[in-house]
Amino acid sequence: MSFSYRVSLQVRHPYADPQRIIKGIGLPPVRSWAAGERRATPKGALLLGAYTESYCAFDIGAGDDGELADFLRRTLKRIDPSAAFIAELRQTGGALNFFITWTPGERGEVFDVNLLTNMARLGIDLGIEPLAST
């Protein structure tokens, strides 16, 4: 049995305009807010306080084929045109990460040095959260 996964790209920055981040990354966001905006739930209900940083989340995709490393390689090629923008974000205090939810199967995955080097070259961190199998 292969494992399944879902990948998002999360971008955090101390002050950048989320619309500029969205344009610079070139993908449609699933959620975004600006530093200083009043906090809200995903459905728009207002919460106490304000966001301390700008944030954008992009849904990259999902699979149940156990081929996460190949999926990440394709994703890196897709966002490579944004490399200069990503470097600017990082130089001004921003952080990017792939956030992966992973439902384990009967095998794992290898993230080879070339994949990890390409992630590092773009300045994208890797976060993995295993989920319980159902």
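Two strands count as paired if DSSP finds at least two bridges between them. The model examined here is predicted.

**Exercise 1.** Determine which strands pair with β5, and in what direction they run.

*Solution.* Step 1: take strand β1 (residues 4-13), which is joined to β5 by 9 bridges, the two running antiparallel. Within this pairing, R6 stands opposite A62 of β5. Step 2: take strand β2 (residues 31-33), which is joined to β5 by 3 bridges, again antiparallel. Here S32 stands opposite C56 of β5. Step 3: consider the burial of β5 (residues 54-63); 8 of its 10 residues are buried, where buried means under 20% relative accessible area.

**Exercise 2.** Describe how helix α2 packs against helix α4.

*Solution.* Step 1: the axes of α2 (residues 68-79) and α4 (residues 113-122) come within 10 Å and cross at roughly 35°. Step 2: the crossing is left-handed. Step 3: A69, L72, R73, L76 and I79 of α2 meet L115, N118, M119 and L122 of α4. By class, this contact has 7 nonpolar, 1 polar and 1 charged residues.

**Exercise 3.** Identify which residues touch the most other members of the largest nonpolar core, and which element gives the largest share.

*Solution.* Step 1: the core has 31 residues, of which V7, L9, I25, F58, L68 and F98 touch the most other members. Step 2: the largest share, 6 residues, comes from α2. Step 3: beyond its neighbours within four places in sequence, L68 is in contact with F3, Y5, V7, I100, W102, E109 and F111. Step 4: apart from this core lies another, of 5 residues, including W33, A40, Y51 and A57.

Definitions and conventions. Residues are numbered from 1 along each chain as its sequence is written. This is a predicted model: local features need pLDDT of at least 70, side-chain atom pairs count only at pLDDT 80 or more; totals for chains, interfaces and linings use all residues. Side-chain values use heavy atoms; hydrogens and water are left out. Axes are lines fitted to C-alpha atoms, for helices over the stretch in contact, and angles run from 0 to 180 degrees between N-to-C directions. Helices (H or I, at least four residues) and strands (E, at least two) are DSSP runs, numbered from the N terminus. A crossing is left-handed if the near helix is turned anticlockwise from the far one by less than a right angle, and right-handed if clockwise. Contact means heavy atoms within 4.5 Å. Ala, Val, Leu, Ile, Met, Phe, Trp, Tyr, Cys and Pro count as nonpolar, Asp, Glu, Lys and Arg as charged, and the others, Gly among them, as polar. Buried means under 20% relative accessible area, exposed over 50%, partly exposed in between (1.4 Å probe, protein chains only). A nonpolar core is a set of buried Ala, Val, Leu, Ile, Met, Phe, Trp, Tyr and Cys residues joined through side-chain atoms within 4.5 Å.
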